[in-house]
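Colleague: Before we go through this model, could you take my questions one by one and spell out the cut-offs behind each term as it comes up?

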Amino acid sequence: MVRVDFAFMPFYSFGAFVFMDLQSMLRLVTLAAIWGGSFLFMKIASPVLGAPLVAELRVGLAALFLSMIALFFKKSFQLKDNWRHYLFVGSLNSALPFLLFCYAALNLPASILSIVNATAPIWGIVFVSIWERQWMSAKCALGLLLGVLGVAVLLGFDPVIMQPSIMLPILAVLGAAACYGLATTYARQAKSVEPFNNAHGSMWGATVVLLPIIPFFPAPHALTVEVTYAVLLLGVVCSGVAYLLYFRLVQDIGPPSALTVTFIVPVFGVLWGYLFLDEKVGWHTLLGALMIVVGTSFVTGFSLKRLINTQVQNG
């Protein structure tokens, strides 16, 4: 069975875990900090440039950065054979979710964006179960329920979100996470492409998909130095550099352990929002985040006890 490689999407299955040395742990935390920061940068840039332009600049800068890396290492992403695949993956896994996140960032706190993003594996198992007409296990069903309740607690007790005008941004952020779940479903039957090429090609695909709508959504405000830095960091660091870090982690510790970054990203998303945007962290934020992370761990099969035991055995 062909599939899309794991390099650019959250998967719903965590199997065995390997020993993680200090360097790999530092890379994992750094990656989580970078991806958590992406919501901060979207929150800064989107009100100034508009959601479509920020999403386009993110994927475009990432595509250019990865092109430079590909040129340096003389890697071809085989456009002729895979262009349809890159367009589809770029649309589903980058263009649409980035656009929805940027739109949601106009009204929702960065911390909420990062927490709801962690539900992506839950969406994945739901869509796969529907597509393959298979009943999910009791543990998966419990994880799904916890995730849904976590989102309800996170959003239902926030005074900002109680406003009627916030409904569309809420649907947008949920839709963005759902896109990753759909990408997971596509992964089970998609053409197999080398991980770096997948990231590189899909970023160009996303750039092409978003480009036609940009003239219809001009930037509402003038570009500032702060927004320039935010966009550069969003595209080059949070997308381009983050992929390279992820590839290194996959190579060193394998995809199951590398994907534990899913559980750490919300921590940094909340932290950066609190430190740099003065976002309030209430009891509902912490409880909702905990419920979502625990629910996701049930759905993915993540086991902290298994990870610790493996580290002890390999130590």
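Colleague: Which helices are included in what covers the buried residues of α6?

Modeller: This is a predicted model, in which local features need pLDDT of at least 70 and side-chain atom pairs count only at pLDDT 80 or more, whereas totals for chains, interfaces and linings use all residues. Residues are numbered from 1 along each chain as its sequence is written, and side-chain values use heavy atoms, with hydrogens and water left out. Helices (DSSP runs of H or I, at least four residues) and strands (E, at least two) are numbered from the N terminus, and buried means under 20% relative accessible area, exposed over 50% and partly exposed in between, with a 1.4 Å probe and protein chains only. With contact taken as heavy atoms within 4.5 Å, the cover over the buried residues of α6 includes α4 (110-117), α5 (120-132), α7 (167-187) and α12 (283-300).

Colleague: Which residues of α6 are the buried ones?

Modeller: Helix α6 covers residues 138-156, and its 19 residues reach 26 Å from first to last C-alpha, close to the 27 Å expected at 1.5 Å a residue; the expected span is 1.5 Å times one less than the number of residues. The buried residues of α6 are C140, G143, G147, G150, V151, V153, L154 and L155.

Colleague: Is G143 buried or exposed, and which residues is G143 in contact with beyond its neighbours within four places in sequence?

Modeller: G143 has 0% relative accessibility and therefore counts as buried. Leaving aside neighbours within four places, the residues in contact with G143 are I122, G295, F298 and V299.

Colleague: How many helices and strands are there in the protein, and what percentage of the residues is buried?

Modeller: The protein has 13 helices and zero strands. Among contacts with a separation of 6 or more, those between residues 24 or more positions apart account for 92%. Of the 315 residues, the buried share is 54%.

Colleague: How many residues of α1 are buried?

Modeller: Helix α1 has 28 residues and reaches 40 Å from its first C-alpha to its last, close to the 40 Å expected at 1.5 Å a residue. G50 follows α1 with a positive phi near 90°. The helix itself is mostly covered, the buried count being 20 of its 28 residues.

Colleague: Are α1 and α2 parallel, antiparallel, perpendicular or oblique to each other?

Modeller: The axes, which are lines fitted to C-alpha atoms over the stretch in contact, with angles running from 0 to 180 degrees between N-to-C directions, come within 7 Å and cross at roughly 130° for α1 (residues 22-49) and α2. Angles under 35 degrees count as roughly parallel, over 145 as roughly antiparallel, 65 to 115 as roughly perpendicular and the rest as oblique, which makes α1 and α2 oblique.

Colleague: Which residues make the contact of α1 with α3?

Modeller: Helix α1 and helix α3 (residues 79-104) pack at about 65° with their axes 8 Å apart, and their crossing is right-handed. The contact is made by F39, M42 and S46 of α1 and F98, F101 and C102 of α3.

Colleague: Which residues does S94 touch, not counting those up to four places away in sequence?

Modeller: S94 lies in helix α3, and at 1% relative accessibility S94 counts as buried. Beyond four places in sequence, the residues touched by S94 are V59, V89, L99, M203, A206 and Y243.

Colleague: Are α3 and α8 roughly parallel or roughly perpendicular to each other?

Modeller: The axes of α3 and helix α8 (residues 195-210) come within 7 Å and cross at roughly 70°, and α3 passes α8 in a right-handed crossing. The two helices are therefore roughly perpendicular.

Conventions: A crossing is left-handed if the near helix is turned anticlockwise from the far one by less than a right angle, and right-handed if clockwise.
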